[in-house]
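This report describes one protein structure, going from a single side-chain contact to the sheet, the nonpolar cores and the salt bridges.

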Amino acid sequence: MTLLSKLPKHLSKALFAAAVLASAMNVVAATTTTSAKSKLVLQQSNISLALANQLVEATMEACHAEGKSAVVAVVDRAGNLIALQRDDNVGPHNTDAAIRKAYTALSTKTASRTLANNARANPDSSNLNTVHDLLLIGGGVPIKFAGEVIGAIAGGGAGGAVQDESCALQGIEKVLPNQK
């Protein structure tokens, strides 16, 4: 015989109801604590290696279709290099330039050519070229997904800022259409 069976029926029902209520309150408290803490943890989209590789390939194809050689770099939302590819006959300085142009586009959420033009036109922005790792040369483009900048891509060595940017934009459009 259990302790509950020795109690009057109305008392055992009351104890059972109290136990159920206490359990429910524990669940609500745990959920509330988890919910409050989850607001402190960021949930952000980012570029995967697979996406970075697709973007590099599409950008290289765009440059090759125009008879140009290039180097292409992709950085994630934190500015880390994710993927890089360089044609055989591209100068070694273009590799560093592509990485820095991608970082610039990510950091400023602006195409590096637009930023360069704005810096030349606005004396207050002319010192941006002194900021470490920024490179005020066209070719870097932010990569957006669902309206959020998730990384950046840059071309280099394809024949100038306009050409580098054009290849990058074509690569983005092929892999992530309508995400500008």
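## The contact between Q44 and R77

The side chains of Q44 and R77 are joined by a polar contact of 3.4 Å. The model is a predicted one. Q44 belongs to the loop between α2 (9-38) and α3 (49-65), and its relative accessibility of 45% makes it partly exposed.

Not counting residues up to four places away in sequence, Q44 touches R77 and E148. The C-alpha atoms of Q44 and V149 lie 10.0 Å apart, although 105 residues separate the two along the chain.

R77 also takes part in a salt bridge with E148, at 2.8 Å from N to O. This pair links distant parts of the chain, with E148 in strand β4 and R77 in the loop between β1 and β2, 71 residues apart. Both residues are partly exposed: E148 has a relative accessible area of 27%, and R77 has a relative accessibility of 24%.

Four strands form an open sheet in the order β2-β1-β4-β3, with antiparallel pairing. At its edges are β2 (81-86) and β3 (140-145), each of which pairs on one side only. From one strand to the next, the twist averages 20°.

Strand β1 (residues 71-76) pairs with strand β4 (residues 148-156) in the antiparallel sense, over six bridges. Within this region, D76 has G151 of β4 as its bridge partner. Helix α4 (residues 92-108) packs on the sheet and touches β1, β2, β3 and β4. The direction of α4 makes about 155° with that of β4.

In soluble globular proteins, nonpolar side chains tend to be buried together. The largest nonpolar core in this model has 23 residues, of which I47, L51, L55, V74, I143 and I153 touch the most other members. Two or more residues are given to this core by each of α3, β1, β3, β4 and α6 (161-175). Helix α3 provides the largest share, eight residues.

L51, one of the residues that touch the most other core members, is in contact with I150, V175 and L176, not counting residues up to four places away in sequence.

## Salt bridges

Side chains of opposite charge can pair when their charged atoms come close. How many salt bridges does a search of the whole structure find? The search finds four, and among them is the E148 and R77 pair described above.

In another, E61 pairs with K174, and the closest N and O atoms are 2.7 Å apart. Here too the pair links distant parts of the chain: E61 is in helix α3 and K174 in helix α6, 113 residues apart. E61 is partly exposed because its relative accessible area is 41%, whereas K174, at 55% relative accessibility, counts as exposed.

E165 forms a salt bridge with R113, with 3.2 Å between the closest N and O atoms. Because E165 lies in helix α6 and R113 in helix α5 (residues 112-121), the pair ties together parts that are 52 residues apart in sequence. E165 counts as buried, at 10% relative accessibility, while R113 is partly exposed, at 29%.

Definitions and conventions
Residues numbered from 1 in each chain as written. Predicted model: local features only at pLDDT ≥ 70, side-chain atom pairs only at ≥ 80, totals over all residues. Heavy atoms only, no water. Buried < 20%, exposed > 50% of the residue type's maximum accessible area, 1.4 Å probe, protein only. Contact = heavy atoms within 4.5 Å. Polar contact = N/O pair within 3.5 Å; in protein donor to acceptor, adjacent residues only side chain to side chain. Pairing = 2+ DSSP bridges. Axes fitted to C-alpha atoms, helices over the stretch in contact; angles between N-to-C directions. Core = buried A, V, L, I, M, F, W, Y, C linked by side-chain atoms within 4.5 Å. Salt bridge = Lys/Arg side-chain N within 4 Å of Asp/Glu carboxyl O.
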